[in-house]
Amino acid sequence: MEYNGPVFNKNKKQFITNDQKAGNGFKKVTLCYTIDGDTAVFLIDKKEVKVRFLAIDTPEIKPVNKPFSLSAKEYTNYVLLKANEIYLQTDSAVDLLDDTPSKRLLAWVWADQELLNYNLVENGYALIKYVHSNKLMYLKDLYNAEEYAKNNKLRLYEVEENVINGWKFIFNIW
């Protein structure tokens, strides 16, 4: 599929500011391993850091495999393993870390100049979620990707129709 997402435009802004806030900047990283479709561990300045992909959610693998959870993880793993360059980008519109006990770094993930967050949504592996600010840099692009996935009934946007006693019910598989 041809990439239709946002353009990679590496800037000279700080990745993390001196006061430990997101600075909209980029950081070149190396993949350590993929946890699931929307979380991976990267080597950042010689330290392993757990990163949660901004503004998206893929189906959970644990405690029970949800539909498309393993294929989302496989897709993410494939993209990141084959990438020649991976950059993380922070977004000053949100906190630097998520509010879970593990305090994962929140970031946009660029693999060979394509936004992985966008590709996961466009291919139907992820839903747009956890949007705490309408000022997120690539939010409009994510909504366009979501529309494409919905219109083409890709993976999470597949629908199943059932007719019970003359009533039509439509269920999302996820």
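The radius of gyration used here is taken over C-alpha atoms, and the rule for a globule is 2.2 Å times the number of residues to the power 0.38. With that in hand, we can look at the protein chain of this predicted model. For 174 residues, a compact globule would have a radius of gyration near 16 Å, and the chain has 17 Å, which agrees. Along the principal axes, its C-alpha atoms fill a box of roughly 65 × 30 × 30 Å.

Let us walk along the chain next. The protein chain has three helices and ten strands. Starting at the N terminus, these elements run β-β-β-β-α-β-β-β-α-β-α-β-β. Contacts tell us how the parts meet: of those between residues at least 6 apart in sequence, 59% join residues at least 24 apart. Buried residues account for 47% of the 174 residues.

Now for the inside. The largest nonpolar core has 46 residues, and the ones with the most contacts inside it are Phe42, Phe53, Leu80, Leu88, Trp108 and Trp110. Elements that give two or more residues to this core include the strands β1 (26-36), β2 (39-44) and β3 (47-53), together with the helices α1 (69-82), α2 and α3 (139-151). Strand β6 provides the largest share of the core, seven residues.

The structure holds nine aromatic pairs. One of them joins tyrosine 3 and tyrosine 118: their ring centres are 5.7 Å apart and their planes stand at 75°, so the pair is edge-to-face, given that planes over 60 degrees apart count that way. This pair links distant parts of the chain, since tyrosine 3 sits in the segment before β1 and tyrosine 118 in helix α2, 115 residues apart. Tyrosine 118 has a relative accessible area of 4%, so this residue is buried.

Phenylalanine 8 and tryptophan 110 form an edge-to-face pair too, with 5.3 Å centre to centre and 70° between the planes. Because phenylalanine 8 lies in the segment before β1 and tryptophan 110 in strand β6, the pair ties together parts that are 102 residues apart in sequence. Phenylalanine 8 and tryptophan 110 are both buried. They also belong to one aromatic cluster, formed by Phe8, Phe26, Tyr87, Trp108, Trp110 and Tyr138.

Finally, let us visit two asparagines. Asparagine 123 is found in the loop between α2 (116-122) and β8 (127-128). Is asparagine 123 buried or exposed? Its relative accessible area is 12%, so asparagine 123 is buried. Its side chain reaches the backbone oxygen of asparagine 119 at 2.8 Å. Setting aside residues up to four places away in sequence, asparagine 123 touches Met1, Tyr75, Leu154 and Arg155.

Asparagine 77, in turn, lies in helix α1. With 26% relative accessibility, asparagine 77 counts as partly exposed. Apart from neighbours within four places in sequence, asparagine 77 is in contact with Leu31 and Thr34. Glycine 37 is 40 residues from asparagine 77 along the chain, and the C-alpha atoms of the two are separated by 7.8 Å.

Note on methods:
Residues numbered from 1 in each chain as written. Predicted model: local features only at pLDDT ≥ 70, side-chain atom pairs only at ≥ 80, totals over all residues. Heavy atoms only, no water. Helix = DSSP H or I, 4+ residues; strand = E, 2+ residues; numbered from the N terminus. Buried < 20%, exposed > 50% of the residue type's maximum accessible area, 1.4 Å probe, protein only. Polar contact = N/O pair within 3.5 Å; in protein donor to acceptor, adjacent residues only side chain to side chain. Contact = heavy atoms within 4.5 Å. Core = buried A, V, L, I, M, F, W, Y, C linked by side-chain atoms within 4.5 Å. Phe/Tyr/Trp six-rings, centres within 6.5 Å; stacked < 30°, edge-to-face > 60°.
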